[in-house]
Amino acid sequence: MIYKKLFVDSDVLLDLLLQRKPFDRFTQLLFEESRRNKLDIHTSVLILANIHYVISKRFNKNIAKSQLRLLMGIIKTLSLEPNDIINSLNNEHSDFEDTVQFNVAKKHGCDLIISRNIKHYKKFDIPVLTAEEFLKTL
């Protein structure tokens, strides 16, 4: 299957920004492929807030802001609405945050979720791959 509208989870973006080996290389290649092949890479505003929190705790707020500005230049941001939370609360899935991300991705027509924690997305109806697995499909 050819995927064009990708939703990227926080773990993948943190791999890139925190240079977590060996996973950062796959995310870097993913963004290079998106520029070459006109893939749309998306994430949610909640993920950006979570990334800011993680990076500011690990380093500081200025570095976190700088990293988010860089990220916002290469990724499209999807809105989060109250109904996304309500739908997630009404879902029996065990991981609430991943359920919110799924609902945002589905609402905006994403055809693939890229995550390193693929087991949390198995029960949803959008395919999920790691960045490494996705790159092998190209």
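Here's a quick briefing on the fold, packing and surface of this protein chain. It's a predicted model, where local features need pLDDT of at least 70, side-chain atom pairs count only at pLDDT 80 or more, and totals for chains, interfaces and linings use all residues. Residues are numbered from 1 along each chain as its sequence is written, and side-chain values use heavy atoms, with hydrogens and water left out.

**Fold and dimensions**
- You'll find seven helices and five strands in the protein chain (DSSP runs: H or I of at least four residues for helices, E of at least two for strands).
- In sequence order, the pattern reads β-α-α-β-α-α-β-α-α-β-β-α.
- The radius of gyration of the protein chain is 14 Å, which agrees with the value near 14 Å for a compact globule of 138 residues (taken over C-alpha atoms; the rule is 2.2 Å times the number of residues to the power 0.38).
- The C-alpha trace spans about 35 × 35 × 25 Å along its principal axes.

**Packing**
- Of the 138 residues, 46% are buried (under 20% relative accessible area, 1.4 Å probe, protein chains only).
- Among contacts with a separation of 6 or more, 62% link residues 24 or more positions apart (contact means heavy atoms within 4.5 Å).
- The largest nonpolar core has 38 residues, and Leu 6, Ile 51, Ile 114 and Phe 134 touch the most other members (a core is a set of buried Ala, Val, Leu, Ile, Met, Phe, Trp, Tyr and Cys residues joined through side-chain atoms within 4.5 Å).
- Skipping neighbours within four places in sequence, Phe 134 contacts Tyr 3, Leu 6, Leu 30, Leu 39, Leu 112, Ile 114 and Leu 129.

**Surface**

Methods. Buried < 20%, exposed > 50% of the residue type's maximum accessible area, 1.4 Å probe, protein only.
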